[in-house]
Amino acid sequence: MAENAPATYEVLDESLLEQELKRVKHRSRWFSVLRSTIFSLIVVAAVAVILAMLVLPVLQITGTSMTETLNDGDIVVSLRGSGYKQGDVIAFYYNNNILIKRVIARTGQWVNIDEDGTVYVDNVKLDEPYITEKALGDCDITLPYQVPDGRIFVMGDHRSTSLDSRSTALGCISEDMVVGKLLFRVWPLPDFGVIK
């Protein structure tokens, strides 16, 4: 073997080098986009969970006390806040459950209900287009009834079966029990819309 044999060098084609450089850059860019997409999805999911817990709780309806307005299995979005007015549909805590009822009267107002189920607040008959059948229901309070301080008188729309403020078992609810006002139904999709 000769001592001074010339070294052989492999000459790379310039176009191959450019292709390899593009491939490496593309792969690096793809991983960067994937990483930022995953991070964005995690942030959006976290914000959605926090929003749902603190501001817009999502609830599923169980039972029939609000039929025809809401049905068993409906999924609704509510809004936390205060200052609920007559006719608002609200969710509230009761015995480790969340109940859904309609605001009928507020602190200091007088509620009276006829034998046929017609409701009066401060001697004014309520216009209640949301109910399909009037009923006195399970009413064991003394009528007319004045709503105590810091309380809300609530009733279900299905008056013959609803357990609500007409019964001493539930009574008027305090404002700190309220989860929020129901805004709209999101499920089932054919019934999607604002809750009235």
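User: How do the residues lining the largest pocket divide into nonpolar, polar and charged?
Analyst: Heads-up, this is a predicted model: local features need pLDDT of at least 70, side-chain atom pairs need pLDDT 80 or more, and totals for chains, interfaces and linings use all residues. A pocket here is an open set of points on a 1 Å grid over the protein atoms alone where a 1.4 Å probe fits, with protein on both sides within 12 Å along at least five of seven lines; lining residues have an atom within 4 Å of a point. Ala, Val, Leu, Ile, Met, Phe, Trp, Tyr, Cys and Pro are nonpolar, Asp, Glu, Lys and Arg charged, and the others, Gly among them, polar. The lining then splits into 7 nonpolar, 6 polar and 1 charged.

User: How much space lies in the largest pocket?
Analyst: Grid points are joined across faces, edges and corners, and the volume is what probe spheres set on those points fill. For the largest pocket, that comes to about 230 Å³.

User: Which strand supplies the largest share of that pocket's lining?
Analyst: Strands (E, at least two residues) and helices (H or I, at least four) are DSSP runs numbered from the N terminus. Strand 1 (58–60) and strand 4 (97–105) each put at least two residues into the lining. The largest share, 5 residues, belongs to strand 4.

User: What pattern does the chain follow along the sequence?
Analyst: Residues count from 1 along each chain as its sequence is written, and side-chain values use heavy atoms, with hydrogens and water left out. Read in order, the pattern is α-β-β-β-β-β-β-β-β-β-β-β-β.

User: Which residue makes a salt bridge with Arg106?
Analyst: Arg106 is partly exposed, because its relative accessibility is 22%. The contact is 2.1 Å, N to O, and the partner is Glu175.

User: Where is the cis peptide bond?
Analyst: Most peptide bonds are trans. Here one has omega near -10°, and its proline sits in the loop between strand 7 (124–125) and strand 8 (145–146). The cis bond runs from Leu143 to Pro144.

User: What is phi of Asn95?
Analyst: Asn95 lies in the loop between strand 3 (89–94) and strand 4, and it counts as exposed because its relative accessibility is 58%. Most residues other than glycine have a negative phi. Asn95 has a positive one, near 50°.

Definitions and conventions:
Salt bridge = Lys/Arg side-chain N within 4 Å of Asp/Glu carboxyl O. Buried < 20%, exposed > 50% of the residue type's maximum accessible area, 1.4 Å probe, protein only.
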